Structures are given as structure tokens and as C-alpha cells.
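Please look over the sequence and the model shown here before reading the briefing that follows. The notes are grouped by topic.

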Amino acid sequence: MAICASRARPPVSRSLMRRPGALRRISPMRVSAHLLRSSLLRSSWTVIDQGVVSLGAFLLNIVLARHLPPAEYGAFALVLGTLMLVQLINSSLIFYPMSIRSTVLAEDERQKLIGRSLVLLAGLCLPLMLLVGTGLVLMGRADLLVPLLLYFFVAQVQETLRRGLFAEFRHRDALIGDLIGCLGQVALVLLLLQHGPVDLAEVFYALALASSVALAVNYWQVRADFRDLRRLRATMADFWSLGRWSLANNLTGASRIQLFLWGLAALFGAAATASFQAAHNVINLANPILLGLCNVIPQTAARKFQDGYGTAWLAARPYALAGALPILLCYGVLLVAPELVLHLLYGAGSAYAGLVLPIRILAAGALLGYSADMVCSYMHGVDAARLALLINGLGTFAALSLFLPLATHFGVAGACGAVLASSFVRLIASQWILSRMIADGRQPVV
């Protein structure tokens, strides 16, 4: 898949209002600088919170990659990746529309909407858990049925409550639960490793326990209200209307990586999947910035959407600019010194020490894809998820068209090359469609 004072005006606006005529004298460059500074301050807690979430996922992957055989770590990557793919249904049909709708509601109405969202989530999770369980049996991993399904349900409820905090820009409050849930799971796995080797069932039980404690904290913070369930059907229809394009978009985007994981497993075995996942773990070092921005940009754009696409983009763009420099620095290091990063993360004798070229290719692709990610995030805030779907659909088509010939001849590096090509296509498409949106105001562009 995360700032209070959501209705406060930026400091520059208050100072200008105290001095009549100041707005005419201040230069556009100074206004832009003030807006950028304001965006940095408002997004800081978002990035910190997402940093904790991404750090937890990153450390968990590194710990398991170091202690599990490549084949078993590959199985973990496949199972967890499939679980995250299924979660996108909840993310698109529950989390996303709830965040967009509740961000403009009063507190009591927001709590009622969160209550209805939790009820809808429970109903949606039942068929999803059946689907996941069937997949586990077909994979021959029935041993993971109980721990994995338990973890999935608890994590979905906790994420709903967490998104309720995001809608109020309460990322600082969400940080408490995320510290417990995300870093707690790493601590529990490390504790298990102190007593000897662990299996995947024990890992998922640890994840479920940490998520349960985080859920309790988030529920106390949100105080969901379940007394307005008579509007449940109307909420469900509204969520479907808003989230269906997001669902198609998210599944299209996520399928690129998941199909690569399964494709490599089919071509070369689970060890190749483990290598691809290990390379992605390194690229995911920038996830705190990316996901933090994607958690704040849609809400920011949604609040300005009534004034048109251009105004909404002007409100969201400072956040994208604020993240550009750290993104450039992070991926720049991976382009210049991937060997050092691999040595630090996996050790000199690791089976993943030779992933220098795949990491360089993925880092180049991530740099190209950053702008497209920010534009697609903005589109989700202005009811234009279908356009984000078009962008990601073109990228997925390019990736899948190139995967088989490149992976067959160049292995994991070839699969990464297909990701790079996908990012280039998404970059071109996103800039062209955004320019049309701004030029056409609020008129449909497709």
C-alpha cells in the first residue's frame, strides 16, 4: 500500500492577508518557495510514518532473506505478493473511497463513515479469504491457511482504521500503531530466530500478533461509529462508483511485478523469484517517500478539485517536488554503488551479491517512473482514476510484451529490463495526459 490541522491555511497565506496589497508585490518565485516549504512541513509526518511502515517491511524481507533458503524465501515472496495483490481489492473499494469521502466530512460524520466502511470490509474479506485459502491449498501450502488468513483479516481492519487517521491528516497519530505493527513484527521474527530456524507459519503468526496490537491502538484513536448502518447500501454504491477504476488501475499496476515473480518461477524456479524479490527489496528503500506522497497527494488534490484540474495540480505538485531530491539521491546511490548496498544488506557471501546489474536497471526504471507515480496519485484525487488506469495499462502491456524474450535470454536482468521499458512508457503517457487535463479544465479527456 498515511498531519493534523488539515484545514489550516499555509503560513504565507496568513501573512499576506495581514498586509493588504502584499500579494501584488510578492514575486511568483517567493510564493512557490513558501508553498514548497509549507508542503514539506505538512508532508513530514506522512513521510516519517510511511518510513516506519516501509522500514518494517524492508527489515522483515532482509531478515528472512538472510535466514531462509532461497527456495523458501521465494515461496514467501510469492505468497505475500499474492496476498498484497488480493488486498488491492480492499484498498481500491474500501480504503481509497473512504479516504477521499471522509477527508471533507465533519468529525461525527467521518466516524460514521469509518464504521460503515468496516462493515463493508468484513463482508468483502469473506470471499477474498476463501480465494486465498483455495490458492494456498493448490500451492501445496495448507500449513499456512490459519496463520495467513488470520494475518490478512487483522491487517485489513487495521489498515482501514489507519486510513481513517490519514483522512484527517493525523499521520503523527497513525505513527504509534505503525511503530507497533511494522517494527513489532520484525522484533517478533528476530525473537523466534533466537530459538532456532523458523518456518513460514510461525512468521505469519508473528505478523498477525503485531498487527492485532496495532489494530487495538488505531481503534482507540479513531472511535468508529456503527450507529448509522441504514446508509450502508448507499455507501457501498458510492464506494463502487468511485473505486472501480482505482481497482482496475491498482490491479494492472501490481500485476506487472506479480506476473514477473510467477513467470521467473515458471522459467527458472523459485530461486530466480527470490533474486528478483531481493533486488526489489533494495529498490524499495525509497518506498517511505513514494508511499508517503501517494498517501497525501490524493487528499490534497481532492480538496481543490472543485476549482478545476489545474488548481488541484498546483496544490499537489509541491509535494511531488519535495520528494524529487531525496528520490534522486536514493536511486543515484543505487546506480553508482550497488555493490556496497548489496554487501551491507545481504553480506559478502550472500546468494544475492551478484545482483549489481538488475539493481542498476531497476533504479533507472524507478527514476523514470517517479513522475508517473505522482501524476497517477493526483489523478486518484480528482476522480480520474480511469486515466491512471490507461497510463498503467500501457506500462503493463509494454512490460509483458518484453518479459518473455528478455527474461528467456537474460534471466533476472532481462525481467528488470522489461520493468525499465514499462517505466519509460508510463512517463511519456502520464505527461501527455496531464497536459491535456490541465488544458481542458474539468472536461473529460478520454
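Which helices each supply at least two residues of the nonpolar patch? They are α7 (171–193) and α8 (200–222). This is a predicted model, in which local features need pLDDT of at least 70 and side-chain atom pairs count only at pLDDT 80 or more, while totals for chains, interfaces and linings use all residues. Residues are numbered from 1 along each chain as its sequence is written, and side-chain values use heavy atoms, with hydrogens and water left out.

**Overall picture**

- The protein chain has 15 helices and zero strands, where helices (H or I, at least four residues) and strands (E, at least two) are DSSP runs numbered from the N terminus.
- Of the 446 residues of the protein chain, 55% count as buried, a term that stands for under 20% relative accessible area, with exposed meaning over 50% and partly exposed in between (1.4 Å probe, protein chains only).
- The protein chain has an accessible surface of about 19300 Å², and carbon and sulfur atoms account for 68% of that surface; such areas come from the Shrake-Rupley method with a 1.4 Å probe, and for residues only the protein chains shown count as cover.

**The nonpolar surface patch**

- I176, L179, I180, L209 and V213 together form a nonpolar patch on the surface, with about 390 Å² of accessible area.
- Patches are made of residues with over 30% relative accessible area and no salt bridge, with like charges joined within 9 Å and nonpolar side chains (Val, Leu, Ile, Met, Phe, Trp, Tyr) within 5 Å; a salt bridge is a side-chain nitrogen of Lys or Arg within 4 Å of a carboxyl oxygen of Asp or Glu.
- The largest share of the nonpolar patch, three residues, comes from α7, whereas V213 lies in helix α8 and counts as partly exposed at 41% relative accessibility.

- Helix α6 (residues 145–167) has 23 residues and reaches 33 Å from its first C-alpha to its last, close to the 33 Å expected at 1.5 Å a residue, the expected span being 1.5 Å times one less than the number of residues.
- Because 19 of the 23 residues of α6 are buried, this helix is largely enclosed by the rest of the structure, and just after α6, F169 takes a positive phi of about 60°.
- Q156 is located in helix α6 and is buried, with a relative accessible area of 1%; not counting residues up to four places away in sequence, Q156 touches Q87, N90, F95, L121 and C125, contact meaning heavy atoms within 4.5 Å.

- L232 lies in helix α9 (residues 232–268), counts as partly exposed at 22% relative accessibility, and touches R116, V119 and L120 when residues up to four places away in sequence are not counted.
- A385 belongs to helix α15 (residues 385–440) and is buried, with a relative accessible area of 4%; leaving aside neighbours within four places in sequence, A385 is in contact with W245, S246, N249, M379 and H380.

**Aromatic rings**

- The structure holds eight aromatic pairs, in which rings of Phe, Tyr and Trp (its six-membered ring) have centres within 6.5 Å, and planes under 30 degrees apart count as stacked, over 60 as edge-to-face and the rest as tilted.
- The rings of F260 and F403 have their centres 4.6 Å apart and their planes at 20°, so the pair is stacked.
- Because F260 lies in helix α9 and F403 in helix α15, the pair ties together parts that are 143 residues apart in sequence, and both F260 and F403 are buried.
- Ring pairs also link Y73, F76, Y151 and F204 into a cluster.
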